[in-house]
Structures are given as C-alpha cells and as structure tokens.
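Work through the following exercises with the structure in view, and try each task before reading the solution below it.

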Amino acid sequence: MATSLSNVFLKGIAARSLSRPLNGLFYCTRYSNTVSNDSDTHDDFKPGNKLEGSGICLSNVIEQDVKDNPVMVYMKGVPDFPQCGFSSLAVRVLKHYDVPISARNILEDLELKNAVKAFSSWPTFPQIFIKGEFIGGSDIILNMQQTGELKEKLKDITSKQ
C-alpha cells in the first residue's frame, strides 16, 4: 500500500511543472496534454482546449498577432523572463533598439506552439516577426544586427507605439 501511494505521489510530482526556484535554480517547464481517466478527477481540473468550440482558430490568432504588433516574438518564456538562451538572446538584441516587443509564451500552450510552426514553416523557437514579416530566430537577428540590417528594419518602429 505504501509503495503504491508513493508511486502515485511521485508520478504526480513528475507530471507537474516547477514554477518556482529550487535552490536558486529554475527548471524547464514540462506540460502533459493527456487527460486523466481517474474517476475522482473533476472535469474542472482536467486539461482542456480553451479555444475549442469558441469559433477561434489559432492560425487567425497568430495572423492577428503578427499584423497588430510591429515586433512579435513567439518564445519560450516572456521578454522579462525568457526560459531559454535563444529566447533570451533574441530579447536582448531587440531591447537594444528600444522597440516595443509583443510576445507569446509557447510553453503555455502546445497547440499554439504547433500552430506557430505551421504558420511560419519554421521548426524552432524563438520566432520573430517584424512588421508582419517572418524574420527567423535569434541567430538571424543577431546576424542582422551585426550587418546593420536590423537597425534599418526597425528604424520606423518607435518606442511605446
């Protein structure tokens, strides 16, 4: 009995993400998209798709994001707290130009992550769009910064637009 309870407890811990520091370190967040068959689990606590049945299509959401935001970044984390080195690099490069950065955290929604990949036909993150155009990832904008091309592309985007 004790063994089965400890296994259930450990499986529950492994399935959940750590959202706070442990000994000063942050760990990558992992999400499960499987629904528990446990009859004790109330429907309110089962994972679900918030957009399902709403008539909203993720590709339309992404298209609107890219259209409405001069600098749109789909990244791991958020600009104030990037959760991977590549996302952090992209944000640092863009902040150098003092432009408003709009972003969505792809770690929060696996369906959004897959929809962004399909939208851009690009497999990795971060994905950066400037004035509606897909630019690429952090390596691309770093190269563009070094050649001066990024400054030219961002020149007419003002801070606090």
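**Exercise 1.** Is Val93 buried or exposed, judging by its relative accessible area?

**Solution.** We begin with the location in this predicted model, where Val93 is found in helix α3 (residues 85-95). The next step is the relative accessible area of Val93, which is 5%. Since buried means under 20% relative accessible area, Val93 is buried. Finally, leaving aside neighbours within four places in sequence, we find Val93 in contact with Ile141, Leu142, Gln145 and Leu150.

**Exercise 2.** Determine how the rings of Phe119 and Phe129 are arranged, and which parts their pair ties together.

**Solution.** A pair of aromatic rings is described by the distance of the centres and the angle of the planes. The structure holds four aromatic pairs. In the pair of Phe119 and Phe129, the ring centres are 6.0 Å apart and the planes stand at 55°, so this pair is tilted. Because Phe119 lies in helix α4 (residues 110-120) and Phe129 in strand β5 (residues 127-130), the pair ties together parts that are 10 residues apart in sequence. As for accessibility, Phe119 is partly exposed at 32%, whereas Phe129 is buried at 2%.

**Exercise 3.** Classify the pair that Phe129 forms with Phe134, and name the residues of the cluster that ring pairs link.

**Solution.** The rings of Phe129 and Phe134 have centres 5.1 Å apart and planes at 50°, so this pair, too, is tilted. Phe134 has a relative accessibility of 24% and therefore counts as partly exposed. To complete the picture, ring pairs link Tyr74, Phe119, Trp122, Phe129 and Phe134 into a cluster.

How values were computed
Residues numbered from 1 in each chain as written. Predicted model: local features only at pLDDT ≥ 70, side-chain atom pairs only at ≥ 80, totals over all residues. Heavy atoms only, no water. Phe/Tyr/Trp six-rings, centres within 6.5 Å; stacked < 30°, edge-to-face > 60°. Helix = DSSP H or I, 4+ residues; strand = E, 2+ residues; numbered from the N terminus. Buried < 20%, exposed > 50% of the residue type's maximum accessible area, 1.4 Å probe, protein only. Contact = heavy atoms within 4.5 Å.
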